[in-house]
Structures are given as structure tokens and as C-alpha cells.
Amino acid sequence: MRAVIGILSLLVALLLVGVLVKKQLSATRAPVPALQAPAAAAPTGTVRAQGQQVQEQVREQVQTLMQQPRPMPEDEQ
């Protein structure tokens, strides 16, 4: 009798965990947008232009940071 109650409680706990996992996984999935028809697609140059613009911004930021003088640590004596 004790073993049957133990197995039943284990199955109930497993069922509860399964339901919670299923809810969590369904909540984290983002809906996938439908593909557009080729006639309605955005021009391909915009993505490339945006990528080049981001690369240029990063390059400028790196150059700016590289030209700034580095603070020298003071000797502790």
C-alpha cells in the first residue's frame, strides 16, 4: 500500500512538472513571421547599407578610443 501511494505521488509530481515545463516553453517561443512574397520584399540594398553603416560607426568609435591617452597609474610608495 505504501509503495502504491509513493508511485502515485511520484506520477502526480512528474505530471505537474511536465505541465509547468510545457507552459514555460510555449511562453518563450516567439511567433515566426510569415515569409513575404518576392514582389513585396524589401530592397536588398537596405540590409547591406545598414550593415556597412554599423561597421563604419564601430570603426569610428574604435579609432576615437584608440587616440585617447591612457591614464598612467601612480606609483604607490
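Glutamate 56 and arginine 59 pair up through their side chains in a salt bridge, with 2.8 Å from N to O. That contact comes from a predicted model, and the salt bridge count comes to one. Around it, the chain has two helices and zero strands, and 0% of its 77 residues count as buried.

- An α-helix has 3.6 residues a turn, so residues three or four places apart point the same way.
- Glutamate 56 has 35% relative accessibility, so it counts as partly exposed.
- Arginine 59 comes out at 46% relative accessibility, so it counts as partly exposed too.

**Helix H1**
- H1 takes in residues 2-28, with leucine 8 among them.
- At 1.5 Å a residue, its 27 residues should span 39 Å.
- H1 is hardly covered, as zero of its 27 residues count as buried.

**Surface**
- The chain exposes about 8200 Å², and carbon and sulfur atoms supply 64% of that area.
- Val4, Ile7, Leu8, Leu11 and Leu14 make up a nonpolar patch on the surface.
- Together, the residues of this patch have about 500 Å² of accessible area.
- One of the patch residues, Leu8, belongs to helix H1.

Note on methods
Residues numbered from 1 in each chain as written. Predicted model: local features only at pLDDT ≥ 70, side-chain atom pairs only at ≥ 80, totals over all residues. Heavy atoms only, no water. Helix = DSSP H or I, 4+ residues; strand = E, 2+ residues; numbered from the N terminus. Buried < 20%, exposed > 50% of the residue type's maximum accessible area, 1.4 Å probe, protein only. Areas by Shrake-Rupley, 256 points an atom, 1.4 Å probe, with all protein chains shown as cover. Patch = residues over 30% accessible without salt bridge, like charges linked within 9 Å, V, L, I, M, F, W, Y side chains within 5 Å. Salt bridge = Lys/Arg side-chain N within 4 Å of Asp/Glu carboxyl O. Expected span 1.5 Å × (residues − 1).
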